[in-house]
Amino acid sequence: MAQVVKRAYRYRFYPTPGQAAELARTFGCVRLVYNKALEARAREYRVEGRRVSYAESSAMLTRWKRGGEFGFLSEVSCVPLQQALRHLQAAFANFFARRAGYPAFKSRKRSRSSAEYTRSAFRWRDGTLRLAKMDAPLDVRWSRPLPEGAEPSTVTVSRDAAGRWFVSLPVEEKITPLPPADAAVGVDVGITALATLSTGEKIPNPRHERRDRRRLAKAQRALARKEKGSNNRAKARLKVARVYARIADRRRDHLHKVTTRLVRENQVIAVEDLAVRNMVKNRSLARAVADASWRELRGMLEYKAAWYGRTLVVVDRWFPSSRLCSACGALREAIPLNVREWTCACGAVHDRDVNAARNVLAAGQAESGNACGAGVRPNGETSSAGGR
Ligand SMILES: [Zn+2]
């Protein structure tokens, strides 16, 4: 049965200098309103011990806009400012429900610059997108079509650290699940290969990544040498962000292809829990990049599995996937990271990553109670539940 899912389509766009200035001003106002409202709520909670409602913070915004020190807030579209208050409201709701930590202030340097427009503040017609307070439509590169008949309810405009501009349009889309598959696969994400499968296949890193990583390291060293607060430092920071964005983009494209394929071919997909990776002390650049793509891979697998009727099993965080022989189940002492191949007492010769992927699959099958794709028996002591 087809299901309707919410999905965001993101596109790059190229603002005119006037649009860029208007948007930069709007981003600044969004940040200010968010931070001021957060401050007011925190004070109210501290002094009076009570929560502030959305209606109250909205009334505050009206007062700020009326004039005086913050009168300039009335010069940008009011919708993104209202939306900032809604986002804050949601952040507090998540905090009180213990789903998230206490809302943090937005920083000009560290937070993503963005503004959300609702229906009343944008017009979307015949492939053109026009925002409130702007005379010309945005020059959007529609790199892939929106689904037939899509009616975006909001538009979020953002600019990343590399200075690139994006619009994101959430739309409802009908997804038809794939017919059931027989296969199951375990996935190990690493550094030398992007991913290793329990089938023995190694999916290589994206092309050019080694070179890009070297460039990134060089740009980071250059940044470290620049004087704090100087113009050259800002330039060097932008350079780092640009190289990083290129690596991340190529990885994301690659990961989309890989995850779509894994979901298409397999009924059950097993991966390791993130906490394992966090315990690794070695924070090399390659490791940082691999960790980031691990998170992304897992996120993609999660939603694609849900869309297409597959099962994603996340294996226990204490599972010693690389130290366990996938043939006999014997556990050996820690294996140094540079050892890529080892021989078990039972005679089995293991590629480190393939062996890990096989163990992840076996543990995943034990956890999900799924019997398909037999071959490896999980070791009793290590198949404890705990992963989700
Ligand atoms: Zn063995």
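Student: Which residues does serine 113 touch, not counting residues up to four places away in sequence?
Tutor: Before that, some ground rules: this is a predicted model, where local features need pLDDT of at least 70, side-chain atom pairs count only at pLDDT 80 or more, and totals for chains, interfaces and linings use all residues. Residues are numbered from 1 along each chain as its sequence is written, and side-chain values use heavy atoms, with hydrogens and water left out. A touch here is a contact, meaning heavy atoms within 4.5 Å. With neighbours up to four places away set aside, serine 113 touches Phe27, Arg31, Val157, Ser158 and Arg159.

Student: And where does serine 113 sit, and is serine 113 buried or exposed?
Tutor: Its place is in strand β2, residues 113–118; helices (H or I, at least four residues) and strands (E, at least two) are DSSP runs, numbered from the N terminus. Buried means under 20% relative accessible area, exposed over 50%, and partly exposed in between, with a 1.4 Å probe and protein chains only. Serine 113 has 7% relative accessibility, so serine 113 counts as buried.

Student: Which residues line the largest cavity?
Tutor: On a 1 Å grid over the protein atoms alone, a cavity is a set of points where a 1.4 Å probe fits but cannot get out, while a pocket is an open set with protein on both sides within 12 Å along at least five of seven lines; lining residues have an atom within 4 Å of a point. A search of the whole structure finds two cavities of 30 Å³ or more. The lining of the largest cavity is Phe27, Val30, Arg31, Lys106, Ser111, Arg112, Ser113 and Ser114.

Student: Which element gives the most to that lining?
Tutor: α1 and β2 each supply at least two residues of the lining of the largest cavity. With three residues, the element giving the most is α1.

Student: How much space lies in the largest cavity?
Tutor: For a volume, grid points are joined across faces, edges and corners, and we take the space filled by probe spheres set on the points. For the largest cavity, that comes to about 60 Å³.

Student: What about the largest pocket: which element supplies the largest share of its lining?
Tutor: The largest pocket has a volume of about 990 Å³. Of its 32 lining residues, the closest to the centre are Arg108, Lys109, Asp160, Ala161 and Ala162. α1 (17–48), β5 (154–159) and α5 (231–265) each supply at least two residues of the lining. The largest share, 10 residues, comes from α5.

Student: How are the rings of phenylalanine 95 and tyrosine 102 arranged?
Tutor: The structure holds 12 aromatic pairs. Rings of Phe, Tyr and Trp (its six-membered ring) pair if their centres lie within 6.5 Å; planes under 30 degrees apart count as stacked, over 60 as edge-to-face and the rest as tilted. Here the centres are 5.1 Å apart and the planes are at 85 degrees, so phenylalanine 95 and tyrosine 102 are edge-to-face.

Student: Which residues form one aromatic cluster with those two?
Tutor: Phenylalanine 95 is partly exposed at 26% relative accessibility, and tyrosine 102 is partly exposed too, at 40%. Their cluster consists of Tyr45, Phe92, Phe95, Phe96 and Tyr102.

Student: How far is the charged end of arginine 51 from the centre of the ring of phenylalanine 96?
Tutor: A charge sits over a ring if NZ of Lys or CZ of Arg is within 6 Å of the ring centre and within 35 degrees of the ring normal. Lysine 106 has its charged end over the ring of tyrosine 34, 4.4 Å from the centre. Arginine 51 has its charged end over the ring of phenylalanine 96, and the distance to the centre is 3.6 Å.

Student: What is phi of aspartate 126?
Tutor: Aspartate 126 is found in the loop between β3 (122–125) and β4 (128–131), and is exposed at 77% relative accessibility. Its phi is positive in a residue other than glycine, with a value near 50 degrees.

Student: Over which residues does pLDDT stay under 50?
Tutor: pLDDT is the predictor's confidence in each residue, from 0 to 100. The protein averages 87, and 92% of the residues score at least 70. Where pLDDT is low, the predicted coordinates should not be read in detail. The stretch where pLDDT stays under 50 is residues 371–388.
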